[in-house]
Amino acid sequence: MEEVAAVSATDAVQDSCSLDNYLSQPDHTMDDRIAAARATLGTDVVLLGHHYQRDEVIRFADYTGDSYKLSKIASQTDAKYMLFCGVHFMAETADVLAKPWQQVILPDLNAGCSMADMAEIGQVEDCWESLGPDGKSELIPLTYMNSAAAIKAFCGERGGLVCTSSNARGAFEWAFARGEKILFLPDQHLGRNTAFAMGIPLSEMVVWDPYQINGGVSPDRLKAAKIILWKGHCSVHQRFLPEHVDRIRSNYPQMQVIVHPECRWEVCQKADAIGSTERIIEVIEKAPEGASFAVGTEIHLVNRLAKRFAPLGKKIITLDDSGCLCTTMYRISPQHLAWALENLVQGNVVNRIKVDDDVKHWAKVALDRMLEVR
Ligand code: SF4
């Protein structure tokens, strides 16, 4: 295919490809259009789908996975266009890892991540400044994948790296081989759960609140801490509570509880197992027929697992009754997907995600270090 021009979502595109024309149509009318556009684009386009995407979208993905798996695929694919059915930081990561001639598309630019938004680069730089030369001489900055590219670059430039929930422990070990302390951004829960599982007591962890002077931490506590946790969280996983685990124990004594490490420490302590989305899937796959699980993660994945494993006699339910939905992931609709693909067929790249070159360099350093860690 010929190289096509990039336009922003707000630029005028041909009338037939205007987003409004798609959003007024029902979901199911998009299926044939998506399939036809995919067939026309062939191997020029690859669709990457995060596990938390809705069924009507993820069924079109060439690859599904958590952010670690998808970032590895993004670093290996040779497709000209990567269409990311996920959220903004994932598309940014794909662009950082992409080859110079590849372009990354996020079907809806409003698909962000509330956790990633909790660490702004100015706040992180202020924190680093406040720590002073002594406070950071042995400090390794480490960021969760769920952060802006600028935060990844910040860590890369200062000798740190990126991790995901799949390889957080390996990343902590990497950091402790090079320094005495870790500044972990932006998810306090993943940081706390990972460090605790490595034998670091809670008393050696502090929480840095960017909205308080000196992070709201006394100099003495800061000095004694091995782990400085940024005060961020996932609004989806933080909704799971210890009492949800208690209720499962009382209503379904045979059921195993498995939760994502973005859940609170109190919830993780009560669970039978903790794991990334890939790990959760693996545990359920390996479980014998008749096994049952209450799963503490995003509801689309839980429902999909319930459907998939029901014929094998495995029962899967959500840890809380209401089921936690990631509203930003949900923004990627079949209409947005059809719109992005049909625009590509027409020669328009819409919603391209492009990370600035200076940010890209150091973000790639941090991501490359991550890809070496398991
Ligand atoms: S589930 Fe949580 S961390 Fe993941 S994209 Fe949604 S808000 Fe962000």
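These legends walk through several close-up views of a predicted model. Residues are numbered from 1 along each chain, following the sequence as written. Because the model is predicted, local features need pLDDT of at least 70 and side-chain atom pairs count only at pLDDT 80 or more, while totals for chains, interfaces and linings use all residues.

**View 1. The five-stranded open sheet.**
Here five strands line up in the order β7-β6-β8-β10-β9, with parallel pairing. The edges are β7 (161-163) and β9 (205-208), each of which pairs on one side only. From one strand to the next, the twist averages 25°. Helices (H or I, at least four residues) and strands (E, at least two) are DSSP runs numbered from the N terminus, and two strands pair if DSSP finds at least two bridges between them.

Is β8 mostly covered or mostly open? Five of its five residues are buried, where buried means 20 or more other C-beta atoms within 10 Å of a residue's own, exposed means 12 or fewer, and partly exposed lies in between, with C-beta atoms placed from the backbone. Lys181, Leu183 and Leu185 are buried on one side of the strand, and Ile182 and Phe184 on the other. Five bridges join β8 to the parallel strand β6, and leucine 139 stands opposite lysine 181. Three bridges link β8 with β10, again in the parallel sense, and here leucine 183 stands opposite isoleucine 228.

**View 2. The β9-β10 pair and helix α9.**
Four bridges hold β9 and β10 (residues 227-230) in a parallel pairing. Look for valine 206, whose bridge partner in β10 is isoleucine 228. Helix α9 (residues 188-197) lies across β6 (139-144), β8 (181-185), β9 and β10, and runs at about 155° to β10. For that angle, axes are lines fitted to C-alpha atoms, for helices over the stretch in contact, and angles run from 0 to 180 degrees between N-to-C directions. Contact means that the C-beta atoms of two residues, placed from the backbone, lie within 7 Å.

**View 3. The loop residue lysine 231.**
Lysine 231 sits in the loop between β10 and α11 (242-251). It counts as partly exposed because it has 17 C-beta neighbours inside 10 Å. Setting aside neighbours within four places in sequence, lysine 231 is in contact with Gln188, Val207, Trp208, Asp209 and Pro210. Phenylalanine 84 is 147 residues from lysine 231 in sequence and 28 Å from it in space, C-alpha to C-alpha.

**View 4. The buried side of helix α4.**
In α4 (residues 67-76), the buried residues are Ser67, Tyr68, Leu70, Ser71 and Ala74. They cover an arc of only 165° around the axis, so they are on the same side of α4; the arc is that of the directions from the helix axis to the C-beta atoms. These residues pack against β2 (45-50), β3 (63-65), β4 (81-85), α5 (88-97) and α16 (357-372).

Four strands run in the order β12-β11-β13-β14 with parallel pairing, and the edge strands are β12 (273-274) and β14 (315-318). Two bridges connect β11 (residues 256-259) with β12, where valine 259 has isoleucine 274 as its bridge partner. In helix α13 (residues 277-286), Thr277, Ile280, Ile281 and Ile284 are buried. They line one face of the helix, because they fall within an arc of 95° seen down its axis. The face turned away from the buried side carries the exposed residues Glu282 and Lys286. Cover for the buried residues of α13 includes β11, β13 (292-296), α14 (299-309) and β14.

Most residues other than glycine have a negative phi, and most peptide bonds are trans. The peptide bond from leucine 185 to proline 186 is cis, with omega near -25°, and proline 186 belongs to the loop between β8 and α9. Asparagine 214 has a positive phi near 50° and lies in the loop between β9 and α10 (219-224). Asparagine 351, with phi near 55°, is in the loop between β15 (348-350) and β16 (352-353).
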